[in-house]
Every structure is written in structure tokens, then in C-alpha cells.
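Subject: Structure for your files

Hello,

Here is the structure we spoke about. My notes on what was found in it follow below.

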Amino acid sequence: MTRWTQRPEGSNWGDFGPDDQLGRVNLLTQEQVLKGVREVREGKVFCLSLPLDLPGGMVLNPRRKPPRLAATERDGVPYMNFPMENLDAASIDVLSDDQVTLSLQYSTQWDALAHIGAQFDVDGSGTPRKVYYNGYQAGADIPDAPERHEGEGCCGHGGAAFGAKKLSIDNFAVKGMQGRGVMVDFVRHFGHGRTLIGYKELAAILESDGIEVEKGDMLVLRTGFAETVLEMAGKPDGDKLHESGAVLDGADTQLLNWITESGIAAICADNYAVEAYPARTEGAKKSLLPLHHHCLFKLGLPLAELWYLRDLAEWLHAHQRNRFLLTAPPLRLPGAVGSPVTPIATV
Ligand code: UVW
């Protein structure tokens, strides 16, 4: 099916097939998994997730709410420490069973390719349409949210189906999201303060730290932001956070070109948004999230945010290494445009 006759400049739409939904994640090949596995020498494992109830509150993004756990219920009875003898007098079992309401991109997360699209003239008609990677369309492929009905909570849509039909996060779950991670440690060079990282800064660190990035690698960026989040222990100071940690300069075309040419499969950062957001916008209409635009929309290259990287980065530095096996499948949740993740590094 042809969804577009002209693709955005600098995009790879169609290169992985007309109906591709994985983008650069296609580069997580069997060979790439083996390259990751070859980095496992000690069998030591690092959890790269924050506790998912952090940062706490809604300081980073006022739309995203922290998780709310509750017991499942039947006939008004909560199933927490529920004695099953209530169902069968012969039972000695005690049952606890719960559910959660959670903004999928609240804490440690992956963006799906359906997270950020753009208004783009896909057919040369002169009328921009709302589209996503590989030309998948808002509406037919990524439906609008159904109307909310009076009295229903945030997730009430009168029972109507909701969710992306294409480019949803479960595509990455099925792929597995496993391969070789390569750590770039900005904290070691710039400390914990806010620093704008363009191509020049990134290239200088790759050179000085002897880091080689190859096609199919997942680039992992430590900025120290998640460490500050963790120190705040659920009582985040928004002003301090907005001045914490390095951020990529999505307005730096040299950096975007490097991302294209390097062949990396994903960028995983420990900060919020990976890039400086909102980006500078003078002149013509453009993206407020130019790195997201370049990666998610043009290249199908997923971004991950709010990973916890300090322990791994320090261990790698102490052992003069920067590569590891990375395993980071999102939830296999059909329709979702982002997902919590518990990434695991093995060295
Ligand atoms: C935004 O909504 C800014 O997206 P992200 O969490 O991917 O930065």
C-alpha cells in the first residue's frame, strides 16, 4: 500500500520495506545480539530502571501521572490478603491481586514510533497531513482518542476501542530489544549541571574515551538526571531538575547527521526528553522536538528516557569498558505509544 509519494528529506521511509513498523530497530539483528553477548564476561547484571513511582508528582510533564495501585475487586470485595476459605471452606490459601493506573511514559520508558509524528505533505498535494514514521496516518493507523463520557475517569471511552493500530510499542516487544549497548558518560566530562551537547561535544568524548559506535548499537547516554531524581526521593524540585543533566541539542544538524550515518538502532538516556525541550524556534514552522522528529519520525529510531545509569557507568569506567549486553523489551501492550521498561545490562 502506498501511503506516501514523497518522503521527508533525510528520512529512511521505505528503506526497510513499505509496511515496516520497526525502523532502525530492524538493525538489532542476530549478529547484533551475539555482539552484545560477547560483551558478557562476568555475568554481572545491572538494573537500569528507576523505581516507577519516581520522579514523584507531575513536575516533568503535567499530563503524566505517577502509578496508582489498587487491589482488584469482585462484588465490592478487594482481593488483598483475601482468605480463599471465603470461596471454599476447605481452602488455606490467601490471595492478593492488584491493578495499576499509570501514564506509560511517566518514568523509565521507551517511546514507540507512534509517539511523535509531524504534519507533512506526503502526496505533494500541498496539504500537510498528520503522519508518523513510514507515512502511517493519524486517523486510519493511529486513531484519535474517542470522546470521553461524563463521569468516566481518564480512561473512560464508553467502551470504545482505543490505541494505535500501527507503530505501537508491542512491535518492539516482539522484536525483543536486545543487543549491544554502548555507554557515553557525560557526567564524567560535564558533571551534573545542564549542558547542551552537540556533535562537537559528543565527538570529543567518543574520541577521548576511545568509544567506537557501530551500526546496530544502542547508544546509552548518562547525563546524571535520573540520579538527581533518585536523590530527591519522590519529592522532586522542578526548578533544580530543569537545570540538571546534559541534553542533546536537537537543533544541531551535524549531530542529527551523525545519528543518521552512525547506523545506531536506538538512543537510551537517563534524562527527560533526551534533548533540550522545547527547542529554539525562530523563523518558519518547525518541530519543537527536533531530535524526536529526526529519530522517531524520520528514521524510526526509538528514544528511551529516565533510565538509571550511574552504577553501570561507574562499573564500566572502573573496568575500562564501555560496551555491554543490553536487554530492554517494553510491555507487549497492543496499541500503546510508549511503555515502562526494566532494562538490564549484563557485563
Ligand atoms: C514529550 O511529550 C515531550 O515526549 P517525551 O517524553 O518523549 O520527551
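In helix 9 (residues 310–318), the buried residues are Leu312, Ala313 and Leu316. They lie on the same side of helix 9, because the arc they cover around the axis is only 100°. Please keep in mind that this is a predicted model. The strands that the buried residues of helix 9 pack against are strand 1 (45–47), strand 11 (178–185), strand 13 (218–222), strand 17 (323–327) and strand 19 (344–346).

**Strand 17**

Strand 17 is largely enclosed by the rest of the structure, because five of its five residues are buried. Arg323, Leu325 and Thr327 are on one side, and Phe324 and Leu326 on the other. Strand 17 runs antiparallel to strand 11, with five bridges between them; Thr327 in strand 17 stands opposite Gln178. Strand 17 is also antiparallel to strand 19, joined by three bridges, and Leu325 has Thr346 in strand 19 as its bridge partner.

**Core**

The largest nonpolar core has 81 residues, of which Ala112, Tyr132, Leu167, Ala266, Ile267 and Trp307 touch the most other members. Helix 8 (residues 290–299) supplies the largest share of this core, five residues. Neighbours within four places in sequence aside, Tyr132 contacts Leu113, Ala114, Gly117, Ile142, Leu167 and Phe297.

**Ligand**

Around the ligand are Gln105, Asp111, His115, Ala273, Tyr277 and Glu305. This shell consists of two nonpolar, two polar and two charged residues.

Regards

Terms used
Residues numbered from 1 in each chain as written. Predicted model: local features only at pLDDT ≥ 70, side-chain atom pairs only at ≥ 80, totals over all residues. Near = placed C-beta within 6 Å. Nonpolar A, V, L, I, M, F, W, Y, C, P; charged D, E, K, R; others polar. Buried ≥ 20, exposed ≤ 12 C-beta atoms within 10 Å, placed from the backbone. Helix = DSSP H or I, 4+ residues; strand = E, 2+ residues; numbered from the N terminus. Arc of directions from axis to C-beta. Contact = placed C-beta atoms within 7 Å. Core = buried A, V, L, I, M, F, W, Y, C linked by C-beta atoms within 7 Å. Pairing = 2+ DSSP bridges.
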